[in-house]
Amino acid sequence: MKRNRWTIAVAALIVVMLLLYTFCFTVQANTVAVVKTLGQITSVRTEAGLYGKWPWPIQSVQTIDARERQLSVIGKEIPTRDEKNIIVTVVAAWKVTDAEKFVTRLGDDKSAETKLSSRIEDARSRVIKTVNLGDIITVDPKQAENFNAFHNSLLKSIRDGLQDADYGIDVTHLWIPSIAFPPSVTEKVFARMTQERKRKSEKTIKEGKNEANMIRNQAQLQQAKMLANANADAIAIRGQGEAAAAEFYKVFKENPELANTLRKLDALKEILQKRATVVLPSDAPLDSLLPPSPQEKQ
Amino acid sequence: MMNELNNQDFSHKPAKRLDAGRAEMLALGGLGLQGMCTLVCLLFSWLTQSAAYGLLRWQAALGILVWFLTWIQLRLRRLARDERLDLEEAERRRRAQGMQALFQNAEEGLAARNLRHMETILAPIASVLLALGLLAPFGLFLLRGAPWSLAATNLRSDFLLPAIVGGLFVAFSLFLLGMYAAGMARESAWRLLRAGAGYSLTTAFAGLITGLAFTLITQGWLATTPDTVVCAVVMAWMTLHAIEILINFVLDFYRPRVAGTENRPGYDSRLSGLFAEPQGIFHTFAHTLDYQFGFKVSDTWFFRFLEKAFMPLVLIQLTLFYLLSCFVVVRPGEAALIERWGAPLGVRTLPENDGDWDKLPTPLKAGLHIKLPWPIETARIMNQEKISNMTIGYHVENEADAKAKEEKLRTTVVTWDTVHVKDENQYLMPLPAAQSKEGSDSQVDALLLSGEFRIEYRIGNDTGDVYRYCYRFQNPEETIKTIFQREVTAFLAGADFWDILAQKPEETRNALQARLSKSLHDSGLGIELLFLGISNLHPPAGDVGKSYQEVIASGQQKETEIHTGWIDANEIVGLAPSEADKIRKAAEADSFGVTVMAEKQADWFRSHEKALAAAPSSHLLRLRMRMLEEALMNARKIMAPRDTLVIMDDTKTVSPMNIEKAIVREATK
């Protein structure tokens with residue numbers, strides 16, 4: 001029985017705590033609690049702390065985060081004023097400024113984000129069409145100013161829309177983390193960048209080849225000149241040799257018959273030494289192959 | 001078998017007379033309450049699409065079977081006992097009237113036979129069915145995957161609070177039923193209630209943790225994880241429960257039937273019994289010790305003291321553990337904010353103006369601090385000295401993907417021609433002025449640049465910075481990342497491509513850092529930018545990057561071509577003087593040869609002249625013959641018969657063979 005008392009005490013403690021939980025609620029710092037009694041908003045608690053309430057289903061509490069939170073709106077292809085299509089991603093920091101209106105008109109975060117998304121998309125679509133891509137992507141010193149103007153114009157457009165709608169939310173910051181071209185245009189930019197570099201590299205290579213060829217040509221010219229000079233010299237030298245030899249050949253004049261016979265014999269010897277076939281009749285004298293000697297002639 | 005049944009517990013009269021009908025009524029009540037709880041679970045399972053409730057409804061539904069079996073077995077036992085008492089009474093009367101016994105041997109009555117069929121056939125089969133039912137969720141898990149993967153995405157938030165109440169209702173009602181039934185089951189006549197009691201308490205526990213899980217979910221803690229965890233715990237418990245029943249079913253065939261001992265039905269789980277009789281753990285432990293030591297260890301004063309003091313000790317331990325939440329240890333470099341019921345101490349409403357944040361109370365610094373216990377006061381501890389970092393430049397799916405890409409970039413030699421990291425950001429940049437002047441009429445005057453941008457930051461040192469970081473933005477890190485990306489995009493959109501890529505890196509980095517620092521400060525995040533690193537800048541990796549490499553390579557190729565030209569030139573010009581010299585020398589040699597030969601020929605001629613003068617005919621003959629000898633030494637010689645006409649058939653193909661054929665032909669004519 002004693003053991004049962006412990007068990008029951010612990011169980012009762014847990015149950016009491018859980019029941020207390022249904023009678024109390026806390027509001028965290030930078031959150032807002034909207035208390036509904038039988039479905040009607042009866043109070044809004046903006047100060048952090050512990051509060052009491054009637055248990056469900058009499059009263060229920062909807063807690064709303066009042067901190068700034070991000071909403072990213074993925075980019076869509078939109079033409080600029082100068083007809084260049086770009087994809088701009090927008091991130092908005094928004095927060096709940098009036099919890100009662102927020103609950104009544106939007107309900108919850110999901111609904112708020114859906115409505116805010118569509119308003120951002122609408123504003124983005126309109127504002128992008130008023131700017132030139134060349135004004136925001138340029139090395140012009142006014143680029144930063146133009147970019148901020150584009151950004152502020154977008155923020156103002158969204159805030160004006162929200163103010164008119166009176167949803168109880170506000171966009172505190174707006175950021176453009178990404179600007180991109182559509183994939184097909186990006187591919188063309190790739191191609192152009194590639195071709196521009198290719199043009200440059202080919203130009204450089206051609207310059208090298210041209211310079212190399214010019215060096216070779218110059219060398220060949222130089223070589224040709226040197227060889228031409230050498231050949232001219234060679235002709236002169238050979239002429240001198242022939243002239244000197246002619247002095248010695250005067251001796252042949254003393255006995256031209258002998259000189260001719262000796263020369264013929266030399267010539268025949270040279271001729272017959274190269275794969276010659278000699279056909280001689282069996283009764284022909286051996287020297288019938290030879291030219292007749294001066295005596296034979298006589 | 002019949003004798004065994006006759007000797008079972010139900011035939012023994014209890015020490016005090018207990019109303020069997022009361023146990024039956026309780027079993028029926030248990031059946032009804034278990035059914036009602038099943039309906040509650042079914043309702044919330046449908047409303048919330050919760051995985052935990054989905055499993056709980058099935059677990060609760062199987063409890064109906066347990067209570068039904070309990071009720072029917074209790075009823076049959078009562079009927080069997082009444083039947084036996086009636087038979088005994090009739091027999092005693094017959095004997096008193098001097099009549100012989102109606103039955104020589106005790107025969108089995110109808111109720112006893114029904115009970116026997118129930119306990120030997122129906123109860124084991126029902127136990128196996130119960131086990132299969134308990135195993136079904138695990139089987140489905142193996143076949144179709146975890147049920148909570150669906151629940152995590154589809155959990156509906158509209159009925160979270162009622163779901164808490166539903167879980168607590170199940171817990172509370174079945175707890176009362178289970179404890180009451182467990183108390184009754186201590187009496188041997190009502191022992192069968194133990195099965196239903198244990199099972200209901202199990203369901204009560206599962207309902208309690210489901211309610212707690214939904215409490216955590218409503219607080220926004222751990223997203224839908226509590227639902228997942230409860231689902232896993234309940235499934236594990238059901239699987240263990242089923243395995244135990246199946247093991248008992250098998251072992252029951254080999255269990256010796258001893259007269260006078262209780263038969264525990266197969267569906268009466270020992271595991272569930274732990275909920276009904278927590279002290280049973282001690283008894284089991286004590287019996288084990290007794291067996292091991294050979295004497296009654298469980299009778300010693302120490303063991304009895306331990307048994308009595310166990311629960312208080314556990315509670316004291318839990319209390320002490322809870323009281324630990326009164327202490328906050330703030331380590332050096334950290335700052336802590338104490339929140340009472342969610343509000344930072346000394347702050348009811350956070351200021352609207354940025355300057356007022358610095359007037360808030362100073363956060364707690366390093367040391368030991370005391371606070372009220374949870375949930376009254378909680379501490380938010382932030383490390384002000386910790387330097388966090390963030391990298392952008394490529395898309396990451398999650399934390400693991402970010403780390404993997406960062407590690408890859410850190411350990412890989414990154415070249416422009418290879419895609420080392422997928423999904424790199426392509427930042428738009430204007431065409432450099434020189435390129436624009438080249439007059440392309442392109443519709444898109446922009447280049448693309450990729451790179452890795454890394455920042456290091458920490459929470460600022462101003463008093464308000466800790467508050468700003470904690471309370472201003474829902475997700476400060478995500479906001480920092482967005483601002484970082486925005487500033488890089490906007491900056492590059494107005495920067496010169498070559499200044500950033502190569503010519504002015506220092507100026508570029510400083511300009512971007514100043515811009516980013518201002519933007520972060522203006523956003524009111526309460527952080528301080530310490531460092532900006534720009535690395536790995538390159539045109540889009542792959543073919544584009546390769547074309548940039550080729551420009552650098554083309555410079556090298558140009559130089560190579562020029563050097564090759566010079567090498568060829570050297571080859572051409574370098575040998576020209578020697579070739580010229582060769583020509584000259586050859587001419588000189590020819591000239592010399594001609595001269596020398598002429599001189600020697602002149603000498604030779606004079607010597608022949610002298611020889612001819614001395615012996616005119618013989619010298620000439622000798623000269624001619626020697627010439628013939630020398631000339632014909634290697635020549636082919638054919639001697640033709642006299643008067644043979646040698647006709648050369650084909651003057652174009654004069655050959656020895658032709659001549660031979662001609663000779664033969666002429667000879668045979």
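Please take a close look at chain B: of its contacts between residues at least 6 apart in sequence, what percentage join residues at least 24 apart?

Modeller: Happy to. This is a predicted model, so local features need pLDDT of at least 70 and side-chain atom pairs count only at pLDDT 80 or more, while totals for chains, interfaces and linings use all residues. Residues are numbered from 1 along each chain as its sequence is written, and chains are lettered from A and ligands numbered from 1 in the order in which they are written.

To your question: 77% of the contacts in chain B between residues at least 6 apart join residues at least 24 apart. Two residues are in contact here if their C-beta atoms, placed from the backbone, lie within 7 Å. Chain B has 669 residues, and 33% of them are buried. Buried requires 20 or more other C-beta atoms within 10 Å of a residue's own, exposed 12 or fewer, and partly exposed is in between, with C-beta atoms again placed from the backbone. The secondary structure of chain B comprises 20 helices and 10 strands; these are DSSP runs numbered from the N terminus, with helices being H or I of at least four residues and strands E of at least two.

Let's begin with the helices. Helix 3 (residues 51-96) and helix 4 (residues 110-144) of chain B have axes that come within 10 Å and cross at roughly 170°. Axes are lines fitted to C-alpha atoms, for helices over the stretch in contact, and angles run from 0 to 180 degrees between N-to-C directions. Helix 3 and helix 4 of chain B are therefore roughly antiparallel to each other; that label applies over 145 degrees, with under 35 being roughly parallel, 65 to 115 roughly perpendicular and the rest oblique. The contact between helix 3 and helix 4 of chain B is made of 19 nonpolar, three polar and three charged residues. Nonpolar covers Ala, Val, Leu, Ile, Met, Phe, Trp, Tyr, Cys and Pro, charged covers Asp, Glu, Lys and Arg, and the others, Gly among them, are polar.

Helix 7 of chain B (residues 193-218) has 26 residues and reaches 37 Å from its first C-alpha to its last, close to the expected 38 Å. That expected span is 1.5 Å times one less than the number of residues. Helix 7 of chain B is also mostly covered, with 21 of its 26 residues buried. Val229(B), by contrast, sits in helix 8 (residues 225-251) of chain B and counts as partly exposed because it has 17 C-beta neighbours inside 10 Å. Val229(B) and Ala51(B) are 178 residues apart in sequence, yet their C-alpha atoms are 9.5 Å apart in space.

Two loops have backbone details to look for. The peptide bond from Trp374(B) to Pro375(B) is cis, with omega near 10°, and Pro375(B) lies in the loop between strand 4 (367-370) and strand 5 (377-383) of chain B. Trp341(B), in the loop between strand 2 (334-340) and strand 3 (343-344) of chain B, is not a glycine but has a positive phi, near 50°.

Now to where chain B meets chain A. The contact takes 116 residues from chain B and 109 residues from chain A. On the chain A side, helix 6 gives the largest share, 42 residues. Helix 6 (residues 183-249) of chain A packs against helix 18 (residues 543-614) of chain B at an angle of about 5°, with their axes 8 Å apart. That makes helix 6 of chain A roughly parallel to helix 18 of chain B. This pairing draws on 34 nonpolar, 23 polar and 22 charged residues. Further along, Leu632(B) lies in helix 19 (residues 616-632) of chain B and touches Leu272(A), Val278(A) and Lys637(B), not counting residues up to four places away in sequence.

Finally, the cores, each a set of buried Ala, Val, Leu, Ile, Met, Phe, Trp, Tyr and Cys residues joined through C-beta atoms within 7 Å. The largest has 91 residues, and those with the most contacts inside it are Ala92(A), Ile158(A), Met429(B) and Ala493(B). A second, separate core of 64 residues includes Phe44(B), Trp67(B), Phe175(B) and Tyr199(B).
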